[in-house]
Amino acid sequence: MNQNRVIIILAAIVVVLGLGYLAYTQFGASAEAELASADVMTADSALEKELLVPGPLGDMTMGKKDAPVVVIEYSSMTCPHCADFNSQTFPELKKTYIDTGKVYFISRPFPFDSAATAAFMLAFCAGPERYFGFIDVLFEQQRQWVLAKDPMAALEKIARQGGFSNEQFQQCMKNGKVFDHISKVAKRAAEKFEVRSTPTFFINGQMAQGFMTWSQFQPLIEKALKGEDITKSEPEGETTPQEKAPGEE
């Protein structure tokens, strides 16, 4: 009787172990895959949260903050490819996605040199309502003021045309808070997000680099709207590389 009970118990153990192994083979792999996927999603979410942290003076933005797609552009005012994007691609982005509430656009400085820093300072001093207007003018007239014999004098002329007095322009160029903001945003981009050239974009946390025509850029926005990975089909755009990281002499 005792022997039969032992046999029954052993048989039951074998059945339980067999069912456990079968359950693992059926569901274990998918569960592990789900956990791995969750880890990736957590990492992506963490990066997106980090990207949304503004600099000391806040971000210059356009569009609805709760839009399904967030586009962050790091640019330099002396970068010709950034000027091309601003004049050729950005107007379509604004009309098609920003103005319709589908994209929240964030403009961030990543200046290559003192002239680019001064140009960004001028735009920031103009205030949120006039920032993008100054950015447009500075990109449109990029060759004139960048290649001028005295770029600062050329910037001052643009500032006066935009309503600045000579005194206001000089005060802007000496504004330590604005300079500190631009420097910290650029340094953080280089160190934390590995930005090395301009223009560099982050579309819902995924990096895309270089000037792109509208026909190249729009598919990335459409993929982001669908929650798809844009990096699998990211076109190679033309970039202006930075020779030194922000803060280096």
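Biologist: In what kind of crossing does α6 pass α7, left-handed or right-handed?
Modeller: The crossing of α6 past α7 is right-handed. Keep in mind that this is a predicted model.

Biologist: Which residues make the contact?
Modeller: On the α6 side they are M152, L155, E156, A159 and R160. On the α7 side they are N166, F169, Q170 and M173.

Biologist: How do those residues divide into nonpolar, polar and charged?
Modeller: Five residues of the contact are nonpolar, two are polar and two are charged.

Biologist: At what angle do the two helices pack, and how far apart are their axes?
Modeller: Helix α6, residues 151–161, packs against helix α7, residues 166–173, at about 125°. Their axes are 10 Å apart.

Biologist: Why call them oblique?
Modeller: Angles of 65 to 115 degrees count as roughly perpendicular and those over 145 as roughly antiparallel. The angle here is about 125°, and α6 and α7 are therefore oblique to each other.

Biologist: New topic. How many cavities of 30 Å³ or more are there?
Modeller: There is one. The volume of the largest cavity is about 110 Å³.

Biologist: Which one gives the largest share?
Modeller: Helix α4 does, with five residues.

Biologist: And what classes of residue are in the lining?
Modeller: Eight are nonpolar, three are polar and two are charged.

Key: Residues numbered from 1 in each chain as written. Predicted model: local features only at pLDDT ≥ 70, side-chain atom pairs only at ≥ 80, totals over all residues. Heavy atoms only, no water. Axes fitted to C-alpha atoms, helices over the stretch in contact; angles between N-to-C directions. Helix = DSSP H or I, 4+ residues; strand = E, 2+ residues; numbered from the N terminus. Parallel < 35°, antiparallel > 145°, perpendicular 65-115°, else oblique. Left-handed = near helix turned anticlockwise from the far one by under 90°. Contact = heavy atoms within 4.5 Å. Nonpolar A, V, L, I, M, F, W, Y, C, P; charged D, E, K, R; others polar. 1 Å grid on protein atoms, 1.4 Å probe; cavity = no way out; pocket = protein on both sides within 12 Å on 5 of 7 lines; lining within 4 Å. Points joined across faces, edges and corners; volume = space filled by probe spheres on them.
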